Amino acid sequence: MAAALKQIAASSGWKVYDKSLDAHGGTALAMVRGKEGKFLLAVGEGELFEELDGTVIAEGEAKAAPLTHDNRKVLNRYFPYTAPRALGTEIATIGLGDRLGIAGPGQLQAVKGKKIWPVLAQQSIRELHLTGRSYEEVLDAACYAVFQEGFRDGFGADGDHLKAEADIELALRLGFTMLTLDCSEHIDNDVASMDGGQIRQAYETYPSAIRERYEQRYSGKTFAIGEESIAFDAGTLQGYVCIYSKAIDFMERIYNTYIVPAGREIDFEISIDETLTPTDPAAHFMVAQELRERGVHIYSMAPRFCGEFQKGIDYIGDLGQFEQELKVHAAIADHFGYKLSIHSGSDKFSVFPIIGKHTSGRFHVKTAGTNWLEAVRTVAQVNPTLYRRMHAYALEHVEEALAYYHVSMKLEEIAPLDRTPDEQLPAYIEEDNARQLIHITYGLLLQAQDEQGKSLFKTEFYETLDRQEEAYAEALRGHIGRHLELLGKS
């Protein structure tokens, strides 16, 4: 059947993605590409052939099936490796958010054969709003990429940084296998600016039963965590309770309301990194201990580390301090049996060896925007005119993007576009300020329209990358590969 499929494709001038070739019952199936784009080509007969929605061709011997949501669900039923699954805590994982829906093949090529599993579908509600995509589209793109690459090692799908219960319910109902719970709205950032007296006053507003419980468990106690020790005094404990206790209650409620009733394995990640100050190791321990006491099982936790993890550039801060604190955070995660999660992990090359070392290679690192930047780099190489227009628009509208992202870029340090020759345009993606400019304006660039409602950039951007599919995949292999090498996963 595979030979017949290839013959039909060849006679029609279609490209067959050989790694996708598979069969079920009397049907051979492959991802193919024609003038109008990619689709599934089925040859033969049987249930799979009948269930795929498409156009019957080749005198009834074959069917051309578009890459629709319904056909993706058929694919998942007959080829389970194309559906996401929970990945667990025993192996390193990397979140490879794909804002465009076309990075999956290159991402999979980058991780293939490495001791790390990919979380392909990783999007926040903010990213969906900025790109105009849906969770269905995000999951469809990931599953079709897995089929195209014949990737059978397993992958996850992350409803990233979710806060609203309706969004959590939606992601789990659609089949996402990981949930990153954003607790920022339940963390009291005001405590960071309070003095001791103000903290005590705030603490006294909590019911006595809550205060007594925390005091009995922690006040004046020291806990051994591997080679590290965690100590609590009354003052610091009061601050931690004021900052995190409501967030812990929120974690428990979401776990019992959505994770437990799901009836399947869910990688449940806790995000406490969206705070004004770094997470003290003792605070990390208290949150983890409370979750254990309440029967809440988690896959990973993301504290806020010292220094800055800004979008698209390397770590900013004291590497010595980072390493000392990371050792304790990693020991806490090990003690409780979950993975340490590093958010905004794209391009943090200076800290990757430290992370790999002190987590014993068992971690979760989230990337996303870096894959968008590699797409832009590819466009700059092959369609410099389009890049110039995008860059100019980003400069003009950057203030709108700053409402969503905190970055330290200095626009005045970006080389003038009119004095930069075409061959030097890809280098913009290497310079931190230009890199952050393009990184944070992705939503504006993808949704920009003229007065007639026609896309200013998106259509040409996708058409360019469609023609340069292999160039984009090569860029991703190299860039993600550098991440993996420094993390000890090459």
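Predicted model: local features only at pLDDT ≥ 70, side-chain atom pairs only at ≥ 80, totals over all residues.
Helices and strands are taken here as DSSP runs, a helix having at least four residues and a strand at least two, and both are numbered from the N terminus.

The unreviewed UniProt entry lists His343, together with His161 and Lys311, under "binding site". His343 has a relative accessible area of 8%, so it counts as buried. Apart from neighbours within four places in sequence, His343 is in contact with His161, Thr180, Glu269, Ser271, Asp273, Ala302, Phe309 and Lys366. With Glu269 there is also a polar contact, in which the two side chains are joined at 2.6 Å.

His161, another of the positions that UniProt lists, belongs to strand 9 (residues 156–162). Is His161 buried or exposed? Its relative accessibility is 16%, and buried means under 20%, so His161 is buried. Setting aside residues up to four places away in sequence, His161 touches Ser124, Thr180, Asp182, Ser271, Asp273, Glu274 and His343. The side chain of His161 also makes a polar contact of 3.1 Å with the side chain of Asp160.

Most residues other than glycine have a negative phi. Ser344 has a positive value, with phi near 50°. Ser344 sits in the loop between strand 15 and helix 13, and its relative accessible area of 22% makes it partly exposed. Ser360 also has a positive phi, of about 55°, although it is not a glycine. Ser360 is found in the loop between helix 13 and strand 16 (363–367), and here the relative accessibility is 63%, so Ser360 counts as exposed.

The final stop is a pair of helices. Two packed helices are described by the angle and the distance between their axes. For helix 14 (residues 369–382) and helix 16 (residues 432–440), the axes come within 10 Å and cross at roughly 105°. Angles of 65 to 115 degrees count as roughly perpendicular, and helix 14 is therefore roughly perpendicular to helix 16. Which residues in helix 14 and helix 16 meet? From helix 14 come Gly369, Thr370, Trp372, Leu373, Val376 and Arg377, and from helix 16 come Arg435, Ile438 and His439. Sorted by class, this contact of helix 14 with helix 16 has four nonpolar, three polar and two charged residues.

Key
Residues numbered from 1 in each chain as written. Heavy atoms only, no water. Axes fitted to C-alpha atoms, helices over the stretch in contact; angles between N-to-C directions. Parallel < 35°, antiparallel > 145°, perpendicular 65-115°, else oblique. Contact = heavy atoms within 4.5 Å. Nonpolar A, V, L, I, M, F, W, Y, C, P; charged D, E, K, R; others polar. UniProt positions renumbered as here; feature names shortened; annotations may be inferred. Buried < 20%, exposed > 50% of the residue type's maximum accessible area, 1.4 Å probe, protein only. Polar contact = N/O pair within 3.5 Å; in protein donor to acceptor, adjacent residues only side chain to side chain.
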